[in-house]
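Reader: I am new to this structure and would like to get to know it step by step. Could you show it to me, and then take my questions one at a time?

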Amino acid sequence: MQTNRKKVYDFPHKAIRYGISKLVQESGRTDYLDPNDVLQLFELGKEVFRMLKIHARDEEGVSLRHLEEKDPQASLKDKEEHKYLEEKIEELESLLDRIKEEGALAQTLSEEFYTKLIRFQTDYFSHMTREEEETQVRLHLYFSDPELDDHQKEIMSSLGGDEFKIWAKYLIPNVPTPIKNRFEEMLKAYS
């Protein structure tokens, strides 16, 4: 793979790695007997899981759709992994809902949530690495950088204001200042 080519997954995967890692960290330090701590973890989890769903939706609706037009088999592995990861997200969200609703069982449920979240993090990070190493190569094979820019514009234009704010929240801490400033300017348009 040529390193000077556009890296389609660079920004979204930076945001996702940060978001999932933050959720793992917070789930390990949360006082599950404190309703405020539980509520903060719940809100963080819902936001991170929403970001993951947005990413899968946009990737399948734009990048993989365009890739399938060139090679119908090229997106099979990605979609298979997305389905598996979506099932794990639903399971984690269900546990998080129960932790919030069943205060007395929160401590016991938190151990299960943390263990499953760690496994999920491993699975999701492996998935992203495979996309960066395999799917990216296919995208470079079939599309020029200007075409990949068009795909990114298609994704960006489909984002709602709340969705863009979620991406910005998890991306901005992970990019150099000039890129951070550009995202902050874009964010003002949604405020």
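Reader: Welcome me in with a pair of side chains, please. At what N to O distance do Glu 91 and Lys 88 meet in a salt bridge?

Author: Happy to, and please keep in mind that this is a predicted model. Glu 91 and Lys 88 are three residues apart in helix 3, so about one helical turn separates them. Their side chains meet in a salt bridge, with an N to O distance of 3.7 Å.

Reader: Is Lys 88 buried, partly exposed or exposed?

Author: Buried would call for a relative accessible area under 20%, and exposed for one over 50%. Lys 88 has a relative accessible area of 27%, so this residue is partly exposed. For Lys 88, then, the class is partly exposed.

Reader: What about Glu 90, is that residue buried or exposed?

Author: Glu 90 has its place in helix 3. The cut-off for exposed is over 50% relative accessible area. Because Glu 90 reaches 54% relative accessibility, this residue counts as exposed.

Reader: How far apart in space are Glu 90 and Val 48, C-alpha to C-alpha?

Author: In sequence, Glu 90 and Val 48 are 42 residues apart. In space, C-alpha to C-alpha, the separation is 12 Å.

Reader: Which residue meets Asp 78 in a salt bridge?

Author: Asp 78 lies in helix 3, and its partner is 52 residues away in helix 4 (residues 106–142). Both residues of the pair are buried. The two side chains meet at 3.0 Å, N to O, and the partner is Arg 130.

Reader: Which residues are linked with Asp 78 and Arg 130 in a network of salt bridges?

Author: The structure holds 22 salt bridges. Asp 78 and Arg 130 pair in one of them. The network that includes this pair also has Lys 77, Glu 80, Glu 81 and Glu 134.

Reader: How far is Asp 37 from the nearest side chain of opposite charge?

Author: Asp 37 lies in helix 2 (residues 35–70). Leaving aside neighbours within four places in sequence, Asp 37 is in contact with Arg 29, Thr 30 and Asp 31. Asp 37 is buried yet has no salt bridge, and the nearest side chain of opposite charge, Arg 29, is away by 4.0 Å.

Reader: Which helix gives the most to the lining of the largest cavity?

Author: That cavity holds about 60 Å³ of space. Its lining includes Leu 52, His 82, Ile 89 and Tyr 124. Helix 2, helix 3 and helix 4 each supply at least two lining residues. With four residues, the one that gives the most is helix 3.

Reader: Finally, which element has the highest mean pLDDT?

Author: The protein averages a pLDDT of 92, and 96% of the residues score at least 70. Among the elements, helix 7 (residues 177–188) has the lowest mean, 74. The highest mean, 97, belongs to helix 3.

Terms used: Residues numbered from 1 in each chain as written. Predicted model: local features only at pLDDT ≥ 70, side-chain atom pairs only at ≥ 80, totals over all residues. Heavy atoms only, no water. Buried < 20%, exposed > 50% of the residue type's maximum accessible area, 1.4 Å probe, protein only. Lys, Arg positive; Asp, Glu negative; His and termini not counted. Contact = heavy atoms within 4.5 Å. pLDDT = per-residue confidence, 0-100. 1 Å grid on protein atoms, 1.4 Å probe; cavity = no way out; pocket = protein on both sides within 12 Å on 5 of 7 lines; lining within 4 Å. Points joined across faces, edges and corners; volume = space filled by probe spheres on them.
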